[in-house]
Amino acid sequence: MLAQATVNGILLGGLYGLATVGFSMVWGVMGVINLAHTSFITLGAYVTYVLFTQFGVDPLLAMPVAMLAMFVLGYGIQLLILNRIIRTSLLLSLVVTFGIDLVLTDATVIAFTSDVRSVNASYASTSVAVFGTLVPLVRLIAAGLSLAIGIAFFVFLRRASLGQAILATALDREISNLMGINPQKVFALTAGAGAALAGAAGSLSSMLFPVSPTMGVSFLGAVFVITVLGGIGSVEGCIVAGFLYGLVQAWAAYWLGTNFQEIVAFAMFLGVLVVRPQGLFGRAFFGEHA
Amino acid sequence: MSEAAIVQQAPKAATVRPLVWIAVGIGLVVLCAAPIGINAYWLRVLTTVLMYVIVTQGLNVIVGITGYHAFGNGVFFGIGAYACGAAMVAGMPFAAGLVLSVVVSAACAFMLGWPILRLKGHYFAIATVALNLAAIQIIIQIGGITGGAQGLALPLSEWDPKPLYIALYYLMLAGAVASTAVVAILLGRPLGFALRAIRDSERAAAVMGINTTKAKVYAWSISAGLTGFAGGVWAYWITFIEPSSAFDPAVGVKAYIMLIIGGMGSILGPVIGAFALEIVSTLVWSGFLHAHQLVLGVLIVVVCLVAPHGIIDAFARLAKSVRRHNGAA
């Protein structure tokens, strides 16, 4: 049973990590705490749901579409609304993104009603043996793809020139501007990438969890804890912290009972904030000075 | 933010101040007389507005004056509600419960403040959100006198509903006036100056000899006491509280938005913000039943884009530009 809980926790942790990477990047690069992030997770799941039920597209093939749709949405919101806000006050972004979240959530309810829906791929009930425990195939796929996307994004930031522009803006906004990088465009790109990653996480979770307008919000606690645990703006920190969070959650449920899962998570969160606010892997990012 | 505050304070003095006093006087008379002329629905709306005036003034102390963005300040609303509720279930009168609401909330902020107020900026903001969410789980785990997940039913009043609701309205009104007075008095006291110094530059404030930690903890305790009072009255008004409604993060978030709409760090800003947002959202609710959150969200975004320093500041700027325009012509 302990082995089963451990494996499940680690696999779920991979998905949590992916759900957090975009949020953490947006915070790290422009100091915006994007409360609408969980809406992107929900919408990513709904894009997958629509493609699956209406057009019979496999959820895994629907994922790139969901990512693209969320990229466009995130890019547009940043360009039209948030870039104007950042110039005035950073903490105002909390309120604005709260407003955007209200709009997106309500629009989802209006479009799809509050009914709970599900995406059942043909391989949904298949299980595979991992280290002597039986694991649902979809969980394994979700964790594996999460890790792969996270690593791909990490490599993108380090190797691609666009990625390096994002990192440079995060480290020093003024100097990167002098180097010919347009911060407005970098912000929009970061927001788009963050939303796309959230969309991917939503797409993968649609195979694991029931799809409803509130499914994204259920990630909110995990997203905050993992961001702080991994260090704000750190992709590698996010991925490691995601696994760690999944593991701690699973063990807390195993030894203390499911009621204590959230208390342990918040205790961990407050503990890290007070003792090591820069997180496990945190470095000097713009978000820290704001 | 600080630039706006300076702009606001400079030209006021002689001409505007009497007008403000007259407006405040008229507003108070209208609010005192209101229960005579309005129906139960609008009495309820106005009581909610006044409740938010108290919560927003509480938030004003820590956010507007001290510059610490306690996004999850709603936690003290819940603590106040539960302190009052538990005390009354244990047999104490409402007045004693209300005193406990204030004292327990302030004491919690005092104890939590020492570690948490060391955090700055966003870290402090999300730590308070975490506190707010953790409180829900803690109440559920404690159980016992708090009722746990099942919620807590407060003893019913012996009064008839109508006079009771009017009495609670006046209690909220008194709280709103008192909390506004607390902010006004605080701004003129040494502590108020110390807090504004911390807001503008904490390091400089420390260099000037201000014990910043102590000042911040005091500010948060005052903030929590005010918020807890609103929670205590709310609990008795609602008569049934549960963790998810008492510690609803939306309470703190809504107050934060009201503070932005009204203007941070000002005395009357929170009052204006609370009235504006709550009445608009009530009208939106009745006008767009199915899409009220959507409309509200759009309104929030538009207000933040158009008037990031609050309504008062936006009107002041507008009036200034009109005056300049007329002068030139």
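This is a predicted model: local features need pLDDT of at least 70, side-chain atom pairs count only at pLDDT 80 or more; totals for chains, interfaces and linings use all residues.
Residues are numbered from 1 along each chain as its sequence is written, while chains are lettered from A and ligands numbered from 1 in the order in which they are written. Local features need pLDDT of at least 70 and side-chain atom pairs count only at pLDDT 80 or more, whereas totals for chains, interfaces and linings use all residues.

Let us start with helix α11 of chain A, residues 261-275. Helices here are DSSP runs of H or I with at least four residues, strands are runs of E with at least two, and both are numbered from the N terminus. Which residues of α11(A) are buried? They are Glu262(A), Ala265(A), Phe266(A), Phe269(A), Leu270(A), Val272(A) and Leu273(A). These residues lie on the same side of α11(A) because they cover an arc of only 160° around the axis, the arc being that of the directions from the helix axis to the C-beta atoms. Buried means that 20 or more other C-beta atoms lie within 10 Å of the residue's own, exposed means 12 or fewer, and partly exposed is in between, with C-beta atoms placed from the backbone. On the face turned away from the buried side, α11(A) carries the exposed residues Gly271(A) and Val275(A).

What covers the buried residues of α11(A)? The cover includes α9 (220-230) and α10 (235-255) of chain A, together with α6 (121-142) of chain B. That last helix takes us to the contact between the chains.

Here 32 residues of chain B are in contact with 33 residues of chain A, where contact means that the C-beta atoms of two residues, placed from the backbone, lie within 7 Å. On the side of chain B that touches chain A, α6(B) gives the most, with 11 residues. By class, that side of chain B has 24 nonpolar, 8 polar and no charged residues. Ala, Val, Leu, Ile, Met, Phe, Trp, Tyr, Cys and Pro count as nonpolar, Asp, Glu, Lys and Arg as charged, and the others, Gly among them, as polar.

Back in chain A, α10(A) also meets helix α1 (residues 2-30) of chain A: their axes come within 6 Å and cross at roughly 140°. Axes are lines fitted to C-alpha atoms, for helices over the stretch in contact, and angles run from 0 to 180 degrees between N-to-C directions. The residues of this contact divide into 19 nonpolar, 11 polar and no charged.

Now for some single residues. Thr113(A), in the loop between α4 (92-112) and β1 (127-130) of chain A, has a positive phi near 55° although it is not a glycine. Thr113(A) counts as exposed because it has 11 C-beta neighbours inside 10 Å. In chain B, Thr239(B) has a positive phi of about 65° and is not a glycine either; this residue sits in the loop between α10 (212-238) and β2 (240-241) of chain B. With 14 C-beta neighbours inside 10 Å, Thr239(B) counts as partly exposed.

Finally, Ile77(A) belongs to helix α3 (residues 59-86) of chain A and, with 24 C-beta neighbours inside 10 Å, counts as buried. Leaving aside neighbours within four places in sequence, Ile77(A) is in contact with Leu82(A), Ile100(A) and Ala191(A).

Definitions and conventions
The expected span of a helix is 1.5 Å times one less than its number of residues.
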